[in-house]
Amino acid sequence: MKRALTSEKIIILDFGSQYTQLIARRIREVGVYSEILPHNASFKKLTALNPAGLIMSGGPESVNTKKALKFDPKILDSDLPVLGICYGMQSMAQHFRGKVSASSKREFGNAILKIYKGSIFTGLSNKTKEVNVWMSHGDKVSKLPKGFKKIASSKNSPIAAFENKKLKKYGFQFHPEVTHTDQGQKILKTFVKDICGCKGSWKPKNIVEALIEDIKIKVGNKKVLLGISGGVDSSVVAALLSKAIGKNLECIFVDNGLLRKGEAEQVKKDLKRGLKLKINFSDSEQLFLKKLKGETDPEKKRKIIGKTFVDVFLKETQKIKNISFLAQGTIYPDVIESSGLKNGKAHVIKSHHNVGGLPDYLKLPLVEPLNSLFKDEVRKIGKELGLPDYLIKRHPFPGPGLAVRSIGEIKKEKLEILRAADYIFMEELNSHNLYDKVSQAFAVFLPIKSVGVVGDARRYEYVIALRAAETTDFMTANAAKLDHKFLNLVSDRIINEIPQVSRVVYDISSKPPATIEWE
Ligand code: XMP
């Protein structure tokens with residue numbers, strides 16, 4: 001994003017910590033734009049971005065081994081304010097000639113931090129002498145670098161935080177970015193606002209204004225095409241574009257017959273009527289079902305859906321004249337993952353999701369207004385734009401839709417059973433205020449028959465599996481510990497209300513090794 005809003009920024013150097021993105025999000029929650037760069041970004045590149053301060057993240061390596069991740073030493077020799085967290089602190093200690101030693105014991109989990117006088121702790125009340133913090137490290141700083149002052153200690157880390165106020169260099173062995181660290185956000189705020197001098201204008205209202213202005217500058221009075229799905233990202237892009245270019249936004253919505261119950265109607269209601277979008281609806285249920293006929297292989301099902309989607313989309317596009325841009329709902333974590341910042345693994349896991357590959361076919365320049373935002377920011381912006389709450393908080397829904405939740409060959413009758421069961425599950429999650437507490441929940445249709453009794457008669461009917469996952473990044477997940485009473489209620493309703501179902505099971509597998517979806 002251009003403009004003044006991002007001119008005030010904190011850069012996070014990524015040394016491979018699982019918390020790097022979390023640090024960036026926490027800084028933005030303080031109201032300051034943050035960006036993640038690889039650990040070896042040059043000082044020249046950094047200064048060109050004119051950051052107000054820098055955070056060196058944690059990481060899995062040891063600074064004392066050959067595998068230690070390098071950074072440009074000019075960064076620490078400059079007068080930029082720098083906060084090193086865990087590995088970042090240890091790198092800083094080594095640079096300034098302190099000492100880092102391997103512990104005999106890894107410290108992982110909660111610890112009590114004793115706080116001494118330190119300028120980075122001024123955001124805490126005077127009375128705070130101890131806080132609960134989160135530790136996750138093997139190595140620790142064993143000798144202070146010259147000119148540095150110890151400002152906190154814990155039982156296992158005598159030097160748990162240090163600072164050199166004159167050089168504006170600070171180090172924490174603990175993780176202020178995780179919620180297990182009490183008052184961590186206050187400490188980060190002191191660094192960003194008091195030490196780096198940031199004012200903090202990164203707020204939903206300002207972000208919306210800046211994004212709209214950016215779109216206007218980029219697009220002018222040309223036409224933009226957007227595929228909408230009813231999900232959060234594409235709906236927020238639609239709302240932004242609609243505010244920025246009005247009638248020059250053309251939307252395509254493909255009903256592939258694999259959506260949840262009532263979903264297509266809901267999208268019409270919210271986006272067409274609510275936002276007054278021009279939506280070209282393509283009712284393609286028949287076509288998708290025809291193409292999927294006879295196919296039971298999960299990967300082939302995905303491929304068929306991806307290809308059919310592109311065909312339908314291209315056909316719809318041809319009906320619209322003079323399109324100059326294609327808009328997409330790419331968000332910042334997608335950009336980070338595909339830039340190779342991560343070790344490449346995340347990218348591989350997710351690549352099968354991008355079934356469409358539309359940009360390659362359409363050969364249109366892209367408009368990606370959300371590509372510097374995290375998911376929680378997209379939601380806040382959606383709220384600012386006036387989108388309804390349930391749409392903003394909606395769980396993710398996979399591109400191939402119910403096809404990956406209806407095991408085996410796709411048949412309309414089976415999809416209807418799945419839709420009905422899924423609807424009951426969603427209804428009960430909502431009425432028990434559980435929908436927002438889980439990250440993703442859905443029903444799965446299993447094409448096997450099991451016995452049940454109705455009155456005196458035995459009947460053989462299908463099985464429905466319920467899945468509810470708790471996760472922050474969808475790369476790993478746990479099954480939600482839904483109350484048994486609640487699950488019983490959902491099961492009773494499904495079996496009583498849907499005659500073709502005789503049994504309901506709850507999926508308790510974690511990811512990995514299981515995935516969230518069943519196919
Ligand atoms: P898995 O099943 O890989 O899912 O644990 C992780 C997240 O990705 C979603 N998902 C998909 N999203 N197209 C998508 O757009 C797909 O083909 C696809 N497969 C899985 C899944 O719903 C979960 O949120």
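Okay, let's start at the ligand: one of its oxygen atoms sits 2.7 Å from an N or O atom in the side chain of K511. That falls under polar contact, meaning a pair of N or O atoms within 3.5 Å; within protein, one must be able to donate a hydrogen and the other to accept it, and residues adjacent in sequence count only if both atoms are side-chain atoms. Before I go on, this is a predicted model, where local features need pLDDT of at least 70, side-chain atom pairs count only at pLDDT 80 or more, and totals for chains, interfaces and linings use all residues. Numbering runs from 1 along each chain as its sequence is written, and side-chain values use heavy atoms, with hydrogens and water left out.

R302 puts a polar side-chain atom 2.3 Å from a ligand oxygen, and I516 has a polar backbone atom 2.8 Å from an oxygen of the ligand. On its own the ligand has 490 Å² of accessible area, and the protein covers 88% of that (Shrake-Rupley, 1.4 Å probe).

So who's around it? There are 13 residues, and R302, Q440, K511, I516 and E517 come nearest; being near takes a heavy atom within 4 Å.

Now the domains. The assignment, automatic or from a database, gives domain 1 (3-195), domain 2 (217-392) and domain 3 (411-506). The C-alpha centres of domain 1 and domain 2 are 38 Å apart.

What about the area buried between domain 1 and domain 2? About 890 Å², with carbon and sulfur atoms giving 52%; that's accessible area (1.4 Å probe) lost on putting the two parts together, summed over both. Two salt bridges cross that interface, counting a Lys or Arg side-chain nitrogen within 4 Å of an Asp or Glu carboxyl oxygen.
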